[in-house]
Amino acid sequence: MALNLSQKQQVVAELAEVAGKAHSLVAAEYAGTTVSQMTAMRKKARETGVYLRVVKNTLAARAVSGTEFEVVKDALTGPLLYAFSTEEPGAAGRLIKEFAKGNEKLKAKVVSVEGKLLPAAHVEVLASLPTREQALAMLARVLAEPASMFARVVKAVADKQGGGEAAPAEAAAETA
């Protein structure tokens, strides 16, 4: 079904708004993907904070104009599925990688992060980025490590100097 001018303008405006806030973009060839596979992919996209949309490449090119994804305009050819990561940078890469395992016809074609156009093979790198929770856990471990190392050193010094807790008990017995 063909869109009229106002509908096209709405699609471009919606995509431009998403592109302005997104962290990364993965465009994938989806020809040959079944309806049930696309439905499952859309459901997973909603759960993981990925904006997933199939639009004409000319409309997508207009929508990304003026955003950091403008670098992909020349690479938009063929039927493409656009996945914008809205919550964390690696979400779109993980989504496309996960569904490409079960569907060899779904192939990443364009990857863009921070205003850079990357080869399609970088979808693996994008997918391997930690989630927000994983990154926070890593940070907490890094911040807690110096304190735990200090505690181990203090305990080792106390053990070396007289057995740790036994030293104050012996000192009290000697004074009595």
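The lining of the largest cavity is made up of eleven nonpolar, no polar and no charged residues. Here Ala, Val, Leu, Ile, Met, Phe, Trp, Tyr, Cys and Pro count as nonpolar, Asp, Glu, Lys and Arg as charged, and the others, Gly among them, as polar. The model is predicted: local features need pLDDT of at least 70, side-chain atom pairs count only at pLDDT 80 or more, and totals for chains, interfaces and linings use all residues. Residues are numbered from 1 along each chain as its sequence is written, and side-chain values use heavy atoms, with hydrogens and water left out.

**Cavity**

- The structure holds one cavity of 30 Å³ or more; a cavity is a set of points, on a 1 Å grid over the protein atoms alone, where a 1.4 Å probe fits but cannot get out.
- The volume of the largest cavity is about 50 Å³, a volume being the space filled by probe spheres set on the points, with grid points joined across faces, edges and corners.
- Its lining (residues with an atom within 4 Å of a point) consists of L15, A16, A19, L25, A60, A63, V64, V72, L76, Y82 and F84.
- Helix 1, helix 3 and strand 3 (80-85) are the elements that give two or more residues to this lining; helices (H or I, at least four residues) and strands (E, at least two) are DSSP runs, numbered from the N terminus.

- The largest pocket holds about 250 Å³ of space; a pocket is an open set with protein on both sides within 12 Å along at least five of seven lines.
- Among the 15 residues lining the largest pocket, L3, V54, V55, K56 and L59 are the closest to its centre.
- At least two lining residues of the largest pocket come from each of helix 1, strand 2 (50-54) and helix 3.
- By class, that lining has ten nonpolar, two polar and three charged residues.

**Helix 1 and helix 3**

- Helix 1 (residues 5-21) packs against helix 3 (residues 57-64) at about 50°, with the axes 8 Å apart.
- Helix 1 is therefore oblique to helix 3 (under 35 degrees is roughly parallel, over 145 roughly antiparallel, 65 to 115 roughly perpendicular, the rest oblique).
- K8, V11, V12, L15, A16 and A19 of helix 1 are in contact (heavy atoms within 4.5 Å) with L59, A60, R62, A63 and V64 of helix 3.
- This contact has nine nonpolar, no polar and two charged residues.

**Helix 2 and helix 4**

- The axes of helix 2 (residues 35-48) and helix 4 (residues 91-102) come within 11 Å and cross at roughly 155°; axes are lines fitted to C-alpha atoms, for helices over the stretch in contact, and angles run from 0 to 180 degrees between N-to-C directions.
- Helix 2 and helix 4 are therefore roughly antiparallel.
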